[in-house]
Amino acid sequence: MERGTIDFWVGMFVLMGFAAFLVLALKVGNLGLDGSKETYTIVAPFNNIGGLKARAAVRAAGVTVGRVVEIGFDTKKYEANVKMAIDKSYQFPKDTSASILTSGILGENYIGLEAGGEDDKLKEGDKLTITQSAVVLERLIGQFLYSKAQDNGNGASKPAAAGDVNTH
C-alpha cells in the first residue's frame, strides 16, 4: 500500500473515533442530538431535590417522556419547584405523582412519574400535587443512628422514613 493510502485510512479511523466519543459524551450529558418536539410544561414542588439538575430525564415506566427544564426555589414555602417539559404524545392524568429517583452507576437523578386514575389530563402549566423528595443517604443514616440511640440497644426500634412526601 502507498503511504498516502495508509495515512488516509488512519485519519478516517481517528475521525470515526472522535465522532463516537462526541456521541457518547452527548448521551452521558443528556444533551442528545434529537430534534425539538412539541411539549407541555408542568411544575412539581419538592422538599428536597438532592442532586437533580436541569436537563435530567423525566421517566414513566422506564421510558423517557420529558426533561427537567428549570429548578427554582419558592421563598414563601421554602421548597424547590421543578419545571418539566413533557412530550405532547404522552398524556398523564391530573393525579399523577412525581418522585426523584436515582439510576445507574454514577447515581444520575431523574424524575419518575406514576400515573393516577383520573380521567382529566395534565395540561400546560399544571402543578402536580403528590411528590416524593429525593432520598438523601446522609439523612437516612442520621435517622437510623438517632433511632438506635433512642432505642438504647433493646432491639425495638422504629424504621426510618425513606423520603418526604408532599401533598399540596
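## Aromatic pairs

Rings of Phe, Tyr and Trp, the last by its six-membered ring, pair if their centres lie within 6.5 Å. In this predicted model, two aromatic pairs are found. A pair of aromatic rings is described by the distance of the centres and the angle of the planes.

F8 and W9 make an edge-to-face pair, because their planes stand at 75° and the class begins over 60 degrees. Their ring centres are 5.2 Å apart. F8 is partly exposed, at 46% relative accessibility. W9 counts as exposed, at 53%.

F73 and Y78 form a tilted pair. Here the centres are 6.3 Å apart and the planes meet at 55°. F73 is exposed, with 54% relative accessibility. Y78 is exposed too, at 59%.

## Overall build

The protein chain has two helices and eight strands. Read from the N terminus, the order is α-β-β-β-β-β-β-β-α-β. Of the 168 residues in the chain, 29% are buried.

Contacts across the sequence can be split by separation. Take the contacts with a separation of 6 or more: 64% of them join residues 24 or more positions apart.

## Salt bridges

The count comes to four salt bridges. Among them is R3 with D7, whose closest N and O atoms are 3.9 Å apart. Both residues sit in helix α1 (residues 3–28). They are four residues apart, so about one helical turn separates them. R3 is exposed, with a relative accessible area of 63%. D7 is partly exposed, at 42%.

R59 and E108 also meet in a salt bridge, at 4.0 Å from N to O. This pair links distant parts of the chain. R59 belongs to strand β2 (residues 57–60), and E108 to strand β6 (residues 108–114). The two are 49 residues apart. E108 is partly exposed, at 29% relative accessibility.

## A bridge between loops

D126 forms a salt bridge with K94, and the closest N and O atoms are 3.1 Å apart. D126 lies in the loop between β6 and β7 (130–132). K94 lies in the loop between β4 (79–87) and β5 (97–103). The pair therefore ties together parts that are 32 residues apart in sequence.

The two partners differ in accessibility class. D126 counts as buried, at 15% relative accessibility. K94 is partly exposed, with a relative accessible area of 27%.

## D74, a buried charge

D74 lies in strand β3 (residues 63–74). D74 is buried yet has no salt bridge. The nearest side chain of opposite charge is K77, 5.2 Å away.

What does the side chain of D74 reach instead? It reaches the backbone nitrogen of K76 at 2.9 Å. The side chain of D74 also reaches the backbone nitrogen of K77, at 3.4 Å. Neighbours within four places in sequence aside, D74 is in contact with E79 and N81.

Terms used:
Residues are numbered from 1 along each chain as its sequence is written. This is a predicted model: local features need pLDDT of at least 70, side-chain atom pairs count only at pLDDT 80 or more; totals for chains, interfaces and linings use all residues. Side-chain values use heavy atoms; hydrogens and water are left out. Buried means under 20% relative accessible area, exposed over 50%, partly exposed in between (1.4 Å probe, protein chains only). Lys and Arg count as positive and Asp and Glu as negative; His and the chain ends are not counted. A polar contact is a pair of N or O atoms within 3.5 Å; within protein, one must be able to donate a hydrogen and the other to accept it, and residues adjacent in sequence count only if both atoms are side-chain atoms. Contact means heavy atoms within 4.5 Å. Rings of Phe, Tyr and Trp (its six-membered ring) pair if their centres lie within 6.5 Å; planes under 30 degrees apart count as stacked, over 60 as edge-to-face and the rest as tilted.
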